[in-house]
Amino acid sequence: MGGLAHYLEHAGIPTTSISLIREHSERMRPPRTLWVPFELGRPLGVPNDAAFQRAVVLAALQLLEVEDGPVVLQDYAVEAPAVITSADGWACPLNLPPVEAAGEIGPLTTAFQQEMQQMRSWYDLAVSRRGSTTVGASGLHIEALADFICTLLAGRIPQVPTAEIPLVRRVNLVADDIRALYAEALTAQPGQDVVGADQLADWFYTETAAGRVFHALRAAGSNREDAELQAITGSLAVPARLASGA
Amino acid sequence: MWLCTSAVRSGVRADAFSGMLPHRWAAGSASHQVQDQRKISMARLQDLPEGMRSYLTDLPCPVFATQPWVRGPSLRDRKVAIISTAGLHRRTDRPFASGAGDYRIIPGDTARGDLVMTHLSQNFDRTGFQQDWNVAFPLDRLRELAAEGKIGGVADYHYSFMGATGPEQMQAVTGELARLLHGDAVDAVLLVPI
């Protein structure tokens, strides 16, 4: 971000940047920077809090009126409200279909499909309330997401609408759509809109059938004789601290 | 000059909170913690997991020989555009490739349901953006500030780059981007990371 600010300013465009990593701004020294003490992924601090966001935006924009250039780095002193973390003893309010830690692929994919249906009710409610969704970047319809992953787990290459996106990239976009669907469904439930990213990842990768399917897919990839399948399934991104599976 | 200041909004330096325990270690029920508005969040390097901290600490950052500084009119007369590095784009647009240095155009009339993120890193929170696009792309906030007369206006076009891309990868297109911004009469860019 600091580099981009420098290049644009060099091209005659006044810039002001929000920074999440103060050390990077100190090193790159862009013209105007507001460092904010917020979680990575939340540069404006808090979702659904217009007043909080507005204050951050205004603080960043007001740096454009500071005369003491060419480098201004200001700290934003207001913390964002806390989110629920693993240490808080949080538990998902839904009763998800039970899944064995290891076992046959058939029951696992069946549990995954059932779970997707269960999530769908809350997801649809979330979309209705918010008027938007972040699911869909993969280009696949929601109904096709689980089938895509289950086909891969069965050792076959899924059919895709277009070949414009490399399959390795598509697999991760599909996986991200599924994670987003679960997250949007969960955070739509009463009192769950403050679940933190780490807690959500813990829940997804250790308690849901979807998470188990992702682990199974990665594990199966290393056993494939087909090099393409091996590359595709091996590329599936899982947080390093959770990569060993449930 | 090198100016490093502390935000004056509350009159308290951010590091004044450094004596507090990170919220994940603090005692109390979840509901109590959620209501607490002054918990330490995880954007400070020392609060991040070791792997992530090392990665960010060691990340190469360019050092520039010059320090351009462009002045402009009063904030209330400026037209503001957002440039994000969250890998945002319209739902119908091409997903970003990892490490790509190109950008996507986000028209100012883009509906919130039409914006998706294809920066797929596992290293940052996505739930905030999933609930409210303004947490990463504060277009509604800019519109409000324009309606209140705090800024002169909102650009007709905004832009997004892919995250985790080296600045030098983006340099090739910044000249054309500047021309596009000039064409849109933009005289202030708000750069928003993820």
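# Salt bridges and a buried threonine

Arg90(B) and Asp93(B) form a salt bridge, with their closest N and O atoms 3.6 Å apart. The model is predicted. Across all chains, a search of the whole structure finds 19 salt bridges. Side chains of opposite charge can pair when their charged atoms come close.

**The Arg90(B)–Asp93(B) pair**

- Arg90(B) is partly exposed, at 30% relative accessibility.
- Asp93(B) counts as buried, because its relative accessibility is 16% and the limit for buried is under 20%.

**Salt bridges in chain A**

- Arg22(A), Glu26(A) and Asp75(A) belong to one network, joined by salt bridges that share partners.
- Glu26(A) is partly exposed, with a relative accessible area of 35%. Arg22(A) is buried, with a relative accessible area of 15%.
- Another salt bridge joins the side chains of Arg120(A) and Glu143(A), at 2.8 Å from N to O.
- Arg120(A) lies in helix H4 (residues 105–130) of chain A, and Glu143(A) lies in helix H5 (residues 142–153) of chain A, so their pairing ties together parts 23 residues apart in sequence.
- Glu143(A) is partly exposed, at 45% relative accessibility.

**Chain B as a whole**

- Chain B has five helices and eight strands.
- Starting at the N terminus, its elements follow the order β-α-α-β-β-β-β-α-α-β-β-α-β.
- Of the 194 residues in chain B, 53% are buried.
- Take the contacts in chain B between residues at least 6 apart in sequence: 64% of them join residues at least 24 apart.

**Thr118(B), a residue in a loop**

- Where does Thr118(B) lie? Its place is the loop between strand S5 (115–117) and helix H3 (127–131) of chain B.
- Is Thr118(B) buried or exposed? Thr118(B) counts as buried, because its relative accessibility is 0%.
- The side chain of Thr118(B) reaches the backbone nitrogen of Phe96(B) at 3.0 Å.
- Leaving aside residues up to four places away in sequence, Thr118(B) touches residues of chain A, including Ala137(A), Arg169(A) and Leu173(A).
- In chain B, Thr118(B) touches residues including Gly87(B), His89(B), Pro95(B), Phe96(B) and Met162(B), again not counting residues up to four places away in sequence.

Terms used. Residues numbered from 1 in each chain as written. Chains lettered and ligands numbered in written order. Predicted model: local features only at pLDDT ≥ 70, side-chain atom pairs only at ≥ 80, totals over all residues. Heavy atoms only, no water. Helix = DSSP H or I, 4+ residues; strand = E, 2+ residues; numbered from the N terminus. Buried < 20%, exposed > 50% of the residue type's maximum accessible area, 1.4 Å probe, protein only. Contact = heavy atoms within 4.5 Å. Polar contact = N/O pair within 3.5 Å; in protein donor to acceptor, adjacent residues only side chain to side chain. Salt bridge = Lys/Arg side-chain N within 4 Å of Asp/Glu carboxyl O.
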